[in-house]
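I opened this notebook page to record what I looked up in one structure.

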Amino acid sequence: MTLQEYDYARESPSKLAASCLLLALTMKSLGGWTPTLEYYSGYSAQDLHPLVKRLNFLLTYQPRDKLNAVRSKYSHRVFFEVAKVTPMDMLKLEEALTSC
């Protein structure tokens, strides 16, 4: 989704990928940002928090008329229906990120 949003073009791809991973881990309650993830990504959880919040906001307020083909593709069982996952409430995300 970020590929079509100009605001995300200035973010480094590695930071964007790490932030997406942290958001996914938080959304699915699969644990936080571990020392191993910090070591191999080069980012601490605190470095990623602002971008994680922006990504969740993008998921929450995404325009429905854009990316229909992508949404349809990732709504299939083959891709674990990730397009159907509901974004986190911003307050709950903030609480989860502060505990990381």
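**Entry 1: Glu94 and Lys53**

I began with the side chains of Glu94 and Lys53, which meet in a salt bridge with an N to O distance of 2.7 Å. The pair links distant parts of the chain: Glu94 lies in helix H5 (residues 90–98) and Lys53 in helix H3, 41 residues apart. I note that the model is predicted, and that side-chain atom pairs count only at pLDDT 80 or more.

I then looked up the accessibility of both partners. Glu94 has a relative accessible area of 33% and is partly exposed. Lys53, at 28% relative accessibility, also counts as partly exposed, because that class covers values between 20% and 50%.

**Entry 2: Arg54 and Glu11**

I asked which residue the side chain of Arg54 meets in a salt bridge. The partner is Glu11, with 2.9 Å from N to O. Arg54 belongs to helix H3 (residues 45–60), while Glu11 sits in the segment before helix H1 (13–27), so this pair ties together parts that are 43 residues apart in sequence.

Is Glu11 buried or exposed? I found a relative accessible area of 17% for Glu11, which makes this residue buried, because the cut-off for buried is under 20%. Arg54, in turn, counts as partly exposed at 26% relative accessibility.

**Entry 3: Lys84 and Glu81**

I looked up how many salt bridges the structure holds, and the count is 3. Another of them joins Lys84 to Glu81, where the closest N and O atoms are 3.8 Å apart. For Glu81 I recorded a relative accessible area of 33%, and the residue is partly exposed.

**Entry 4: The largest pocket**

H1, H3 and helix H4 (68–73) are the elements that give two or more residues to the lining.

Which element gives the most to the lining of the largest pocket? I found that H1 does, with 5 residues.

The residues divide into 18 nonpolar, 4 polar and 3 charged.

Terms used
Residues numbered from 1 in each chain as written. Predicted model: local features only at pLDDT ≥ 70, side-chain atom pairs only at ≥ 80, totals over all residues. Heavy atoms only, no water. Salt bridge = Lys/Arg side-chain N within 4 Å of Asp/Glu carboxyl O. Helix = DSSP H or I, 4+ residues; strand = E, 2+ residues; numbered from the N terminus. Buried < 20%, exposed > 50% of the residue type's maximum accessible area, 1.4 Å probe, protein only. Nonpolar A, V, L, I, M, F, W, Y, C, P; charged D, E, K, R; others polar.
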